Amino acid sequence: KCRMNERDSLMKQIMAFSFAAYDWNLYLDTHPCDKFAIKMFQSMTEKANSLKNEYIEKYGPITAADVKSEDEWTWINNPWPWD
C-alpha cells in the first residue's frame, strides 16, 4: 500500500482544488450568469490558494514566482515541489 507523507498529501489537495477551480472556470466561460458556479469557482480558488500558502510556509515555493525572500533565491533549495 502506498503511503503519502504530509507534504505529498498537501500537494495532492492543492492540485485537486486547483483542477476544480479550473473546471468551474471553463464552465463559466459558457455560463457566465450562473451564480452557483461563480460561488463554486471562488470557493475552489480560495481553498487552493489557502493550501498553497500553507505549503509554501511549510516546504518552500511551489513555483519561482512564489519566492518572497529578498536575501536568498530559495527556489533552488531542495526538495523541489515535484520530488
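This report describes the salt bridges of a predicted model and the surroundings of the residues that form them.

Residues are numbered from 1 along each chain as its sequence is written. Because the model is predicted, local features need pLDDT of at least 70 and side-chain atom pairs count only at pLDDT 80 or more, while totals for chains, interfaces and linings use all residues, and side-chain values use heavy atoms, with hydrogens and water left out.

A search of the whole structure finds three salt bridges, a salt bridge being a side-chain nitrogen of Lys or Arg within 4 Å of a carboxyl oxygen of Asp or Glu.

| Salt bridge | Closest N and O atoms |
|---|---|
| Lys58 and Glu6 | 2.6 Å |
| Asp66 and Lys52 | 3.3 Å |

Lys58 forms a salt bridge with Glu6; Lys58 lies in helix α2 (residues 35–59) and Glu6 in helix α1 (residues 6–30), so the pair ties together parts that are 52 residues apart in sequence. Helices here are DSSP runs of H or I with at least four residues, numbered from the N terminus.

In relative accessible area, buried means under 20%, exposed over 50%, and partly exposed in between (1.4 Å probe, protein chains only). Lys58 is partly exposed at 44%, Glu6 is partly exposed at 48%, and Glu54 is partly exposed at 31%.

Asp66 forms a salt bridge with Lys52, and this pair links distant parts of the chain, with Asp66 in the segment after α2 and Lys52 in helix α2, 14 residues apart. Asp66 counts as buried at 9% relative accessibility, whereas Lys52 counts as partly exposed at 27%.

Conventions: Helix = DSSP H or I, 4+ residues; strand = E, 2+ residues; numbered from the N terminus.
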